[in-house]
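This report concerns a sheet and the contacts of aromatic rings. Please keep the sequence and the structure in view while reading.

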2 protein chains.
Amino acid sequence: MFNDFKLMDDRPVSIQVKEYMQRLIIKGGLQAHQKLPSTRELSKLLNMSRNTIITAYEGLEEDGFAYTVHGKGSYVAETINSVPDASWNMDWSSLVNDHARKAVELDLMKRGIRAKKDMISFTSIAPDEKLFDLANVKRAFQDRMSVEGNVLLNYGYAKGYKPLIDYLLRYMDHKGVDLKGKDMLITNGFTEGFDIVLSALNKKHGSVICENPTHNTAIKSLKLHGFDITGISMEQDGINLRELEQALLKKAFDCAYFVPSYHNPTGIVMSPEKRQLLMKLMKQYQVPVIEDGFNEELRYSGSHVAPLMATAGQGNGVIYLGSFSKVLFPGIRVGWVLADRELINYLESIKRARSIHTSTLDQSILYQYLYNGNLDKYLKKARAEYKRKYEWTKHCCEAFIPYERLSGDGGLHLFVTFNEGFDTRELLEACSRQGVIFTPGDNFFTENGQGRHTMRLGFSRVTDEDIGKGIRIIGDTAKQLMG
Amino acid sequence: MFNDFKLMDDRPVSIQVKEYMQRLIIKGGLQAHQKLPSTRELSKLLNMSRNTIITAYEGLEEDGFAYTVHGKGSYVAETINSVPDASWNMDWSSLVNDHARKAVELDLMKRGIRAKKDMISFTSIAPDEKLFDLANVKRAFQDRMSVEGNVLLNYGYAKGYKPLIDYLLRYMDHKGVDLKGKDMLITNGFTEGFDIVLSALNKKHGSVICENPTHNTAIKSLKLHGFDITGISMEQDGINLRELEQALLKKAFDCAYFVPSYHNPTGIVMSPEKRQLLMKLMKQYQVPVIEDGFNEELRYSGSHVAPLMATAGQGNGVIYLGSFSKVLFPGIRVGWVLADRELINYLESIKRARSIHTSTLDQSILYQYLYNGNLDKYLKKARAEYKRKYEWTKHCCEAFIPYERLSGDGGLHLFVTFNEGFDTRELLEACSRQGVIFTPGDNFFTENGQGRHTMRLGFSRVTDEDIGKGIRIIGDTAKQLMG
């Protein structure tokens, strides 16, 4: 006993002693009703204070691994060890269903080139954590804890944390959304919100219409829900409305999915005129709209653009999905669904069945952070920094990359389109050998094989120097490949 | 302008001024290219410092709602207001599917008697938040933040926060689980873990076997996944094995769901012998087991009982779902799935597709709290308090309630069975008029109409005095109803 005991730096010593002995008992190294060494003996053997050993023994007893015989000492309690008869093996790959297989197949994190150390990676569109105003987040935690404390650590409500809902409703009101007849559900980020909405909607026609290319997580989710996807091509001011109308004439859709601002991956902001025409079309064909409020806050110039939901006035045809993940902190998993009250009632029950509720700490810290007035200050700082980087990246692309089209009106990425026939997978292969990677654009297209001549460059987490160096390498390599 | 402006106490004044004007612009109260009052005028009008107004105007410009003409002043930018043509209404109740309708129908929070103020409510089995060691949670937050800071606020991994996974693997190892060939996924509590597992499993036979009664959230989840449920009755030492074997002989099952310790709602701990026999049966019939580790930590007496997974040794037939929600803090939404490595690979991709990852703050705070050695100390305190309450509740039940059977070996609730024919819904109706409510037992049964003569009494959040008072009322009312 204790030959292989290694004291670690990470937890109280008495707990380590207790856990070591517990493990011995469970693994059969100490037999039931065997006498344990006295606390005096063990404290000598291990060179520890006797109090430490007494605490460890108390812990063992507390957890049912030992018992005391008065005046005699501690003994090992009867516990169950593993029973070889009860051990059996199953072939899980044959026990999982097509949904699980498809989830792995569509999981981009499990394929493609991973960033290695010292690589210049343009694959991420996550915010730059160096900008985070940590002190304000800490203060928000402390402020909230001192107001509500223990209550925050007990169960909350499926719909979400009430003060946050109220705050976000006002926030949406200030974006021009008419809140009458609407309600809000807090979700574990955009992704859960989208997934819950898709879980609730009829699949009468089994088909969805959206921009092409579009957000790859949304494509994955739509596919996992078994939808057929009709992708409509993009113009410089947003979705191609003629193509959209033709598709709507030809086929019925259960819903539409649009990313009107700083569209992922093209970075395009749909023009105000197009927004109005788009919404008229959706009304005409009675197709419910799922609006992805992605990056709406990362506007660097031009007028404020209202969400599609604002143009719909008191109408209830738009489901708005919001999130601060790209704007503030993605680690805080909070998003919101703003929609017709009746629909939210359904979504709330699905949310409760799935995960009870979103983390109250995340919600209450976010609420307090907003309440303390930090968002405006932070946005000002973050926008200035990202705008500078955006302009620098754009400049580098213009200087070095032999593209056919470059798009991106803001946000944290640019989208490059080469001549038809050029293959960005080949380009990626060649660049990665030189330590530079990016996201090949075909990931964002609704049909396999489309967009092979495009790529997305996320710049938010790349230094200015690396942006210059990396884009030069991409450009030079592309020119070489073009011959 | 500013006639209906009400200054609130909650956010910086400049932001309130900005938002008021923003709303006016969006709602059309201020027209595009209209000149805004000078900062000097407005500061006089509102009786605010000129700096406050300048900050508000800067914010408006920053967000694209205003522009400055040099030497002339600030003007309203062009934005879009709602377009009546684009407003339309849909009938959402006809646009949602059966899944959404079933989720509402099975949502117990949306039916039944709600606790009103001053009522004595035995419906909750959430922990008592007064016991929470808030200071240690705060310290955990500060400690973790000072070690990792900003990184915690950016994206994490779908599988979970690595230090927490490592900690929990060791924790499961100390419960006697053989980790070889196994892996772990962190989920948003037990409920999400269960839902993800059910999403991944084949529905070849479309049927699941479990204890009856059992955890009502699990029943809901199984029904929402379209499973037929075969419920096996309970004996005082756990599931009825003869009945189980007969069911296994008659029919094939895709999986089994068991709550071996402090079973919800009966509070029964499955005996060690039964655990071994159960596992042999499951091996014989090759049925994968989903083990709910619910309340395993809330043992008040007797020897440590190993999870079913521990008895399975190196076998991979058990999927273990763990959570500290009843033991520590339910508001921190963290659970874990420990299972065969290959299966976890599938579950990880489903998790990523659904919600990217579980809140990093929740995970890292929980990790640091455990790492700081708080669990053992807290459990000691919580167990002592709950044990006392458990014994007091049991005593009151024995003294006042005309039950046929009383069960519950620990945990945060007791389960009362009356004579067949007695109706606890009627009892609840009568008691609620006297300000006392509980959970009618039929909620926990797999078939409608079963268990009408049972009820669950959660005592964790009721004071000693109210326990005595409430149970006396329940007992007296039951006696009256029995005539």
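In this predicted model, Arg405(A) has Thr417(A) in β13(A) as its bridge partner. Strands β12(A) and β13(A), the latter covering residues 413–417, run antiparallel and are joined by three bridges. Both belong to an open sheet of four strands in chain A, with the order β12-β13-β16-β15 and antiparallel pairing. Because β12 (405–407) and β15 (439–440) of chain A stand at the edges, each has a single partner strand, and one side of each is left without a neighbour in the sheet.

Over all chains, the structure holds 33 aromatic pairs. The planes of Phe5(A) and Tyr20(A) stand at 75°, so this pair is edge-to-face. Phe5(A) lies in the segment before α1 (13–26) of chain A, whereas Tyr20(A) lies in helix α1 of chain A, so the pair ties together parts that are 15 residues apart in sequence. The pair formed by Phe194(B) and Tyr257(B) is tilted, with 50° between the planes. Since Phe194(B) is in helix α8 (residues 189–200) and Tyr257(B) in strand β8 (residues 255–258) of chain B, this pair ties together parts that are 63 residues apart in sequence.

The relative accessible areas of these residues are as follows.

| Residue | Relative accessible area | State |
|---|---|---|
| Phe5(A) | 16% | buried |
| Tyr20(A) | 14% | buried |
| Phe194(B) | 1% | buried |
| Tyr257(B) | 0% | buried |

One aromatic cluster is formed by Phe132(A), Phe329(A), Tyr369(A) and Tyr378(A). In chain A, the charged end of Arg170(A) sits over the ring of Tyr167(A), 5.4 Å from its centre.

Technical notes. Residues are numbered from 1 along each chain as its sequence is written. Chains are lettered from A and ligands numbered from 1 in the order in which they are written. This is a predicted model: local features need pLDDT of at least 70, side-chain atom pairs count only at pLDDT 80 or more; totals for chains, interfaces and linings use all residues. Side-chain values use heavy atoms; hydrogens and water are left out. Two strands pair if DSSP finds at least two bridges between them. Helices (H or I, at least four residues) and strands (E, at least two) are DSSP runs, numbered from the N terminus. Rings of Phe, Tyr and Trp (its six-membered ring) pair if their centres lie within 6.5 Å; planes under 30 degrees apart count as stacked, over 60 as edge-to-face and the rest as tilted. Buried means under 20% relative accessible area, exposed over 50%, partly exposed in between (1.4 Å probe, protein chains only). A charge sits over a ring if NZ of Lys or CZ of Arg is within 6 Å of the ring centre and within 35 degrees of the ring normal.
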